[in-house]
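Please look over the sequence and the model together before reading on.

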Amino acid sequence: TFTSPDDVGHISYIIYLSTMHDRPILGSTKLEKTVAENCYDWDESKEYKINTEKYDESERLNWIAQHPPLYYFYLLPFYKITTIFSTQLSDIILILRMATIPLGIITLLFLLKTLELLGAGKITTKCALICFSFSSAIQYYFTAIDNDAMVICISSAAFYYFIKFLKNNSNKNLYIFAALCGGITVTKYTGAIVLPVYVLFYIYYAVYIKKVNITRFIKSSFISITIFCIITVPVLLDNYAKCGSFFSNAISTLENNSDGTLVSFVKGSYFNEIFTHIISLTGWERMIAANEGIKALVVLVILCIFFAKISHYMLQMIPFMAATFLMKITGMNVLTAIGISAVLMIMIQAIRNGNKCNNSRYFYLLSFCLISFFVSIFFWKHYQIFLQRGRTSAMHGRYYYPLMVPFFSLLFEGLDNLNDKTIKYMPMILFCTSLYTEVNLICQGMQTWY
């Protein structure tokens, strides 16, 4: 029954909300008994039905209790309505998965609206929409019971409204953005990692670029902070009352079990793993990741975009020279090194092009800063996990998907303005690549799960 990351913990969280009328507590609340049995001790002859009257605990702790409640409050009405008609666990899982699909549709709409706001042409828009809609990982996580779906959705909306604020300097958009930032924080704390970048960029834009009147700046900032606090403070105070900490964190409870160093972490499989998993990673206990063939195809597409956007011969050699350097100092394999180097060059070129156009001057710089800061923080977070567990872990590409809208805006920027006549075929190339990846992963999944 369970095929997505931490399904068992997420469903137990929802059942706890429904029966106990309170949030679970990290370190003490255990998984719901029927859910845990179905996941860990499945018996084909047994009928798994949920007790809706009380919360039956298993022997296993619910590590998902660390998460804030917004996603679970969203799914709670669907759970309640479903249990009126059926208490069969499989029926409940099916309905909850279907309830997550609208979050994917909303994300797609905000991706489209953001591209429109940035003045993207038809080719750029088609490429971004194809990469999102036909991504096997995106399809998977927006049909699973997982709070990543909501944090991706709200993060995409927040990026749109912040860009819209920069475009027209309307405080209304700023206040909506502040509310959405609050929503991100009470959905999943990792989604809020980029908030300092937004704050610094807002201060820079208002004070240095627009030279806003100091009174107006203080007023709008105060209102934005108030909106954010109204949404987040009750959850943080509840965390402190339950756990003695404003941010409950399952990782921090682990002991250091590794004598590894930063060098051994970097020269291990970190970059190769994370690059592979960003392309695609599905499943739960038995994970299905992009293989070397899929990686090679994705890197080839990235290089096609790179060569189309950067025509100077000497500049075209940079990713390959950089790849040689990265392979030597980080242990990256050739596909990872070339792919990362080419993506970095494409993003830098997008910033340069944006600087030539007043309408897009700061948007691509913001996107780059968001991605760079987020990746740096997660690098350090994964290193801490490596020290605590003695191995790389929690290396899921889904953690990076909240920044897919700014990433797509950088990757496909300016495709419509290129003189290369073959660029019109790029949407079809991306579609074929995505379709091949999806079929390949489905075949791997059938072999692994069945």
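What follows moves from the pocket to the cavities and ends with the helix pair.

The model is predicted, so local features need pLDDT of at least 70 and side-chain atom pairs count only at pLDDT 80 or more, while totals for chains, interfaces and linings use all residues. Residues are numbered from 1 along each chain as its sequence is written, and side-chain values use heavy atoms, with hydrogens and water left out.

The largest pocket has a volume of about 1300 Å³. On a 1 Å grid over the protein atoms alone, a pocket is an open set of points with protein on both sides within 12 Å along at least five of seven lines, a cavity is a set of points where a 1.4 Å probe fits but cannot get out, and lining residues have an atom within 4 Å of a point. Grid points are joined across faces, edges and corners, and a volume is the space filled by probe spheres set on the points. The largest pocket is lined by 44 residues, and Phe275, Ile278, Ile279, Val343 and Phe407 are those nearest its centre. By class, this lining has 35 nonpolar, nine polar and no charged residues, where Ala, Val, Leu, Ile, Met, Phe, Trp, Tyr, Cys and Pro count as nonpolar, Asp, Glu, Lys and Arg as charged, and the others, Gly among them, as polar. Helix α17 gives the most to the lining of the largest pocket, with seven residues; helices here are DSSP runs (H or I, at least four residues) numbered from the N terminus.

Three cavities of 30 Å³ or more are counted, and the largest cavity has a volume of about 80 Å³. Its lining includes Phe159, Leu195, Tyr198 and Phe374, and α7 (148-168) gives the most to it, with three residues. The lining of the largest cavity has 10 nonpolar, two polar and no charged residues. The second largest cavity holds about 50 Å³, and its lining, by contrast, has one charged residue beside five nonpolar and three polar ones.

Helix α7 also packs against α17 (residues 363-389), their axes coming within 11 Å and crossing at roughly 145 degrees, with axes fitted to C-alpha atoms over the stretch in contact and angles running from 0 to 180 degrees between N-to-C directions. In this contact (heavy atoms within 4.5 Å), Phe159, Phe162, Ile163, Leu166 and Lys167 of α7 meet Phe363, Leu366, Ser367 and Leu370 of α17. These residues divide into seven nonpolar, one polar and one charged.

Notes. Helix = DSSP H or I, 4+ residues; strand = E, 2+ residues; numbered from the N terminus.
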